[in-house]
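Work through the exercises below with the model open. Try each task before reading its solution.

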Amino acid sequence: MARMSAFQRLVTKYQRDVDFLIIYIEEAHPSDGWVTSDSPYTIPQHRSLEDRVSAARVLQQGAPGCPLVLDTMANSSSSAYGAYFERLYVIQSGTIMYQGGRGPDGYQVSELRTWLERYDEQLHGTRPRQF
């Protein structure tokens, strides 16, 4: 939840200039698979699109107002972007401008924040706002 809170703060701060989108991929630590003790949720492995929709609704609660779409059951987005477990990207006009590390260790909201601050400064010619 702490990660999503930091992400949600970025969405709130930069949404006037940046479109944010969450792509919900397969569950990294399903309750009936590779379980982790620090997961705040009990989400079983997705066996159908309906399962993935139900799990995505739980995720959406942590990021209200941020558009959320689902990966296919074949996990084509996860495969195309190497997103498994989680990953942050900035894509501008079809070009990857920022690619974060793979989660959980490489998932660094602070790196994305730095990229967005620089982008904001280029757009507006000002120092980044504090939040």
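The model is predicted: local features need pLDDT of at least 70, side-chain atom pairs count only at pLDDT 80 or more, and totals for chains, interfaces and linings use all residues. Residues are numbered from 1 along each chain as its sequence is written, and side-chain values use heavy atoms, with hydrogens and water left out.

**Exercise 1. Fold inventory**

Task: State how many helices and strands the protein chain has, and in what order the elements run.

Solution. Step 1: take helices (H or I, at least four residues) and strands (E, at least two) as DSSP runs, numbered from the N terminus. Step 2: count them. The protein chain has four helices and four strands. Step 3: read from the N terminus. The order is α-β-α-β-α-β-β-α.

Step 1: The protein chain has 131 residues, and 34% of them are buried. Buried means under 20% relative accessible area, exposed over 50%, and partly exposed in between (1.4 Å probe, protein chains only). The accessible surface is about 8100 Å², with 50% belonging to carbon and sulfur atoms; such areas come from the Shrake-Rupley method with a 1.4 Å probe, and for residues only the protein chains shown count as cover.

Step 2: check sequence range. Of the contacts (heavy atoms within 4.5 Å) with a separation of 6 or more, 49% join residues 24 or more positions apart.

**Exercise 2. The nonpolar core**

Task: Find which residues of the largest nonpolar core touch the most other members.

Solution. Step 1: define the set. A nonpolar core joins buried Ala, Val, Leu, Ile, Met, Phe, Trp, Tyr and Cys residues through side-chain atoms within 4.5 Å. The largest core holds 19 residues, and Phe-7, Phe-20, Cys-66, Leu-88, Leu-112 and Leu-116 touch the most other members. Helix 1 (2-14) and helix 4 (109-124) each supply at least two of its residues. Nonpolar side chains tend to be buried together in soluble globular proteins.

Step 1: look around Cys-66. Leaving out residues up to four places away in sequence, Cys-66 touches Phe-7, Val-11, Phe-20, Leu-21, Ile-22 and Gln-60.

Step 2: turn to Gln-8, which is in helix 1. Gln-8 counts as buried because its relative accessibility is 16%. Beyond its neighbours within four places in sequence, Gln-8 contacts Gly-62, Ala-63 and Pro-64.

**Exercise 3. Salt bridges**

Task: Work out which residues are linked in a network of salt bridges.

Solution. Step 1: apply the cut-off, a side-chain nitrogen of Lys or Arg within 4 Å of a carboxyl oxygen of Asp or Glu. The structure holds two such bridges. Step 2: list the pairs. Arg-16 bridges to Asp-17, with the closest N and O atoms 3.0 Å apart. Asp-120 bridges to Arg-16, with the closest N and O atoms 3.4 Å apart. Step 3: locate the second pair. Asp-120 lies in helix 4 and Arg-16 in the loop between helix 1 and strand 1, so the pair ties together parts that are 104 residues apart in sequence.

Step 1: join them. Arg-16, Asp-17 and Asp-120 form the network. Step 5: assign exposure. Arg-16 is exposed at 52% relative accessibility, Asp-17 is partly exposed at 29%, and Asp-120 is buried at 1%.

**Exercise 4. Hairpin and backbone**

Task: Determine in which sense strand 3 and strand 4 pair, parallel or antiparallel.

Solution. Step 1: require at least two DSSP bridges between paired strands. Step 2: inspect. Strand 3 (residues 89-92) and strand 4 (residues 95-99) pair in the antiparallel sense over four bridges. In one of these, Val-90 has Tyr-98 of strand 4 as its partner. Step 3: examine the turn. The two strands form a hairpin with two residues between them.

Step 1: check phi. Ser-93, in the turn, has a positive phi of about 50°, although Ser-93 is not a glycine. Ser-93 is exposed, at 78% relative accessible area.

Step 2: do likewise for Asn-75. Its phi is positive, about 60°, and Asn-75 is not a glycine either. Asn-75 lies in the loop between strand 2 and helix 3 (76-81). Asn-75 is buried, with a relative accessible area of 12%.
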